[in-house]
Amino acid sequence: MRRREFIALLGGVAASSPLTVQAQQPAGIRSIGFLSSGSVEAYTQLLAAYRKGLAEAGYVEGRNVAIEYRWAEGKFDRLPALASDLSRRSVTVIATTGTTSALAAKTATATIPIVFLGGDDPVKFGLVESLSRPGGNATGLNLLTSEMTGKRLELARELVPAAAAVAVLINPKSPEAEPQLRDVQTAARAIGQLIHILSASTEREVDNAFATLVQQQDGALLITNDAFFIDRIDQLVALAARHSVPTIYDRRAYASAGGLISYGTHYIDAFRQLGAYTARILNGAKPADLPVEQSTKFELVINLNTAKALGLNVPARLLALADELIE
């Protein structure tokens, strides 16, 4: 069995075979539609955390609840059809990861409850009427991604104070690219940091972006939060090492794979919270009555092996603040 097929089996139902699994569910069992712009390979640990959140409330997949998974695999144009499919199946609740997935679900149904895990202001995107009183059929967790952008730029500056410019990699095909660009430009102006925007939406364009970065002699690189990039952690980390580019990422998985430093939401905890919020809907709560929760747990992870390979001396202040030092 190929690795991709094996992981998909572990992750639950593969998007290519929903009918078979649905037919095996006992009559009357409630079901969750899980919609993501990413791929199952990048979500193995996060899915385990999501199921843990469900289990803590008494819901165990395969026993008293079924989960139908839909993965866009970084292809955002697939999300509307995947969301519509879940809506037609009349799942009890739809759990989504990423603002774009949540918007696709919101467009597909105005009646099925939606619980989202999003990185951008859900009010600004029209997902909810307000954080305290969502209204409608959606609620969830806000990961404060915009606020983290400025923090990561500050980290880049502290790690590489001699860097005249910091490159920022963005996926131009992402519906969230415009607000990400706006956020990073605002953050750069606030700290007086020159930035160069690089774009990539294919593996070849990622290679080209690193070639441009080297040509421009940018002193560091910031990778934005995007499903396409998350699915290519190994490629991004390998290129950063090959070109000796100090790179700052948004989540632990990059640092664990050999990336220099990550700072952002504690995603394992966030997915556990997503499971817990989904369980509240299964217990009868209405999204309109559940306030949107804000991320409260963040983590700074530094890979000291990578820092040594890059010849970087990590400031003592960062070493003291780090939640984990990889050696």
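Student: What relative accessibility does A279 have, and does that make it buried or exposed?
Tutor: This is a predicted model, so everything here is computed from it. A279 has 0% relative accessibility, so it counts as buried.

Student: Where is A279 found?
Tutor: In helix α12, which covers residues 267–282.

Student: What does A279 touch, not counting residues up to four places away in sequence?
Tutor: A279 touches L54, A57 and Y59.

Student: How far apart are A279 and L54 along the chain, and what separates their C-alpha atoms?
Tutor: They are 225 residues apart along the chain. Their C-alpha atoms are separated by 5.7 Å.

Student: Switching to Q180. Which helix is that in?
Tutor: Helix α7, residues 177–191. Q180 counts as buried, because its relative accessibility is 9% and the cut-off for buried is under 20%.

Student: And what is Q180 in contact with, leaving aside its neighbours within four places in sequence?
Tutor: I170, T224 and N225.

Student: Now T306. Is it buried or exposed?
Tutor: Buried, with a relative accessible area of 17%. The cut-off is under 20%, so T306 falls on the buried side. T306 is found in helix α13, residues 304–310.

Student: Which residues is T306 in contact with, leaving aside the ones within four places in sequence?
Tutor: G258, G259 and L260.

Student: On to helix α5. Which of its residues are buried?
Tutor: Helix α5 runs over residues 99–108. T99, T100, S101, A102, A104 and A105 are buried there.

Student: What do those buried residues pack against?
Tutor: Two kinds of element. They pack against strands β1, β3 (93–97) and β4 (114–118), and against helix α4 (79–88).

Student: Let's do aromatics. How many aromatic pairs does the structure hold?
Tutor: The structure holds 8 aromatic pairs. One of them is F34 with W71. That pair is tilted, with 5.7 Å centre to centre and 50° between the planes.

Student: Where do F34 and W71 sit in the chain?
Tutor: F34 is in strand β1, residues 30–36. W71 is in strand β2, residues 65–71. They are 37 residues apart, and the pair links distant parts of the chain.

Student: Are F34 and W71 buried or exposed?
Tutor: F34 is buried, and W71 is buried too.

Student: Which residues form the aromatic cluster?
Tutor: F34, Y43, Y50, Y69, W71 and F271 form one cluster.

Student: Zooming out. What does the secondary structure come to?
Tutor: The protein chain has 14 helices and 13 strands.

Student: What radius of gyration does the chain have, and what would a compact globule have?
Tutor: The chain has 20 Å. A compact globule of 327 residues would have a value near 20 Å, so the two agree. Along its principal axes, the C-alpha trace spans about 65 × 45 × 35 Å.

Student: What share of the residues is buried?
Tutor: Buried residues make up 54% of the 327.

Student: And what share of the contacts with a separation of 6 or more comes from residues 24 or more positions apart?
Tutor: 71%.

Student: Last one. How many positive and negative side chains are there?
Tutor: There are 32 positive and 32 negative side chains. The centres of the two sets lie 3 Å apart.

Notes
Residues are numbered from 1 along each chain as its sequence is written. This is a predicted model: local features need pLDDT of at least 70, side-chain atom pairs count only at pLDDT 80 or more; totals for chains, interfaces and linings use all residues. Side-chain values use heavy atoms; hydrogens and water are left out. Helices (H or I, at least four residues) and strands (E, at least two) are DSSP runs, numbered from the N terminus. The radius of gyration is taken over C-alpha atoms; the globule rule is 2.2 Å times the number of residues to the power 0.38. Buried means under 20% relative accessible area, exposed over 50%, partly exposed in between (1.4 Å probe, protein chains only). Contact means heavy atoms within 4.5 Å. Lys and Arg count as positive and Asp and Glu as negative; His and the chain ends are not counted. The place of a charge is taken as NZ of Lys, CZ of Arg, CG of Asp or CD of Glu. Rings of Phe, Tyr and Trp (its six-membered ring) pair if their centres lie within 6.5 Å; planes under 30 degrees apart count as stacked, over 60 as edge-to-face and the rest as tilted.
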